[in-house]
Amino acid sequence: MKSKPVVGRFAPSPSGRMHLGNVYAALLSWLSARAAGGKWIVRIEDLDAQRCRREYASKILDDLCYLGLEWDGDVVFQSERTDFYKAAFDRLFEKGLLYPCFCSRADLRASSAPHSSDGVSVYAGTCRALSKNSIVELTKNRLPCWRIRVFGESSFEDAHYGFQKIALESESGDFVIRRADGNFSYQLAVTVDDAAQGVTEVVRGRDLLLSAHRQIFLYRALNETPPTFSHAPLLVSNDGRRLSKRERDFDMEKLRIHFSKEEIIGKILFLCGFLEKEKAVSLSKAVDLFDWKKLPKTDIPITALGDFDQAR
């Protein structure tokens, strides 16, 4: 049976200018798809109207063009796809998988247990078994969010980190599908969009390993086939923290002032272990150098790139 052509994707949130970590994720995703002779699409995840702005989306697309990371097809904006998320929500509701949750943030902090590996809080299931009368009474005081009822085990083979397995109820917990303000969650939207766009591989940071289990659960609940997942180590700053848009860590505005696109690409390839020493590299050469086996599994400090300090 002939395998499907590879379709990769990059799905940034336009809440600020891309930083080096975002560029690293985009480049890995692009290289993985292009090395397999596949397509690469771009989707703007702008569901959160309070944090996301079109001007940042325009700058993200301009930065991708500057780097030469060309995409296939039209750019999709999640803010224009709410009807599709509503349809998926209705299907899950009809299957009896959803329930309203009235817990406040204080309630969640008091009752949730952190996940052992990544600090994500696991919902205690407080509202799982509310009676119809209780739901009616609680709705008088506050609007609920909606959670999906998870069960069983989840496992998948990550292309970089190998076999992953969790007990969904104790290690993931029932997660939010629609917020109390009516906005659909990241987990639902990304699953619906990846399925609709025919995405076959998802390349992203290892901090989203737990999300893969949740999305696979949604794929199966919606009778869709999950993509393959390839999670990558994170780039971390000199003090060990993740790079941040809020802190403007090595953002593209500064990087474009100090370095050419070939220099930026070469620096990332060096950090990934694809180059023995740092040098400027073209995208076409980068495709030949790309090798998942050389990428480390531990997070990558950028201390090796001393001259990046001038672009802080």
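How many salt bridges does a search of the whole structure find? The search turns up 19 of them, counting a side-chain nitrogen of Lys or Arg within 4 Å of a carboxyl oxygen of Asp or Glu. Keep in mind that this is a predicted model, where local features need pLDDT of at least 70, side-chain atom pairs count only at pLDDT 80 or more, and totals for chains, interfaces and linings use all residues. Residues are numbered from 1 along each chain as its sequence is written, and side-chain values use heavy atoms, with hydrogens and water left out.

**Salt bridges**

- D63 and R256 meet through their side chains at 2.7 Å, N to O. This pair ties together distant parts of the chain, with D63 in helix α2 and R256 in helix α9, 193 residues apart. (Helices are DSSP runs of H or I with at least four residues, strands are runs of E with at least two, and both are numbered from the N terminus.)
- D63 is buried at 0% relative accessible area, while R256 is partly exposed at 27%. (Buried is under 20%, exposed is over 50%, and partly exposed is in between, using a 1.4 Å probe and protein chains only.)
- D193 and R81 also form a salt bridge, at 2.5 Å, N to O. D193 belongs to helix α7 and R81 to the loop between β3 and α3, 112 residues apart.
- Both ends of that pair are hidden: D193 is buried at 0%, and R81 is buried at 13%.

**Strands and sheets**

- β4, β7 and β10 make an open sheet in the order β4-β7-β10, with antiparallel pairing. (Two strands pair if DSSP finds at least two bridges between them.)
- β4 and β10 sit at the edges with a single partner strand each, so one side of each has no neighbour in the sheet.
- Three bridges connect β7 to β10, and R147 has V176 in β10 as its bridge partner.
- Elsewhere, β11 and β12 run parallel and are joined by five bridges; V202 stands opposite F229 in β12.
- Strand β12 is mostly covered, with four of its five residues buried.

**Cysteines**

- You'll find zero disulfides here, going by a cut-off of cysteine sulfur atoms within 2.5 Å.
- For C65, the nearest cysteine sulfur is that of C52, 20 Å away.
- C65 is partly exposed at 48% relative accessibility, whereas C272 is buried at 1%.
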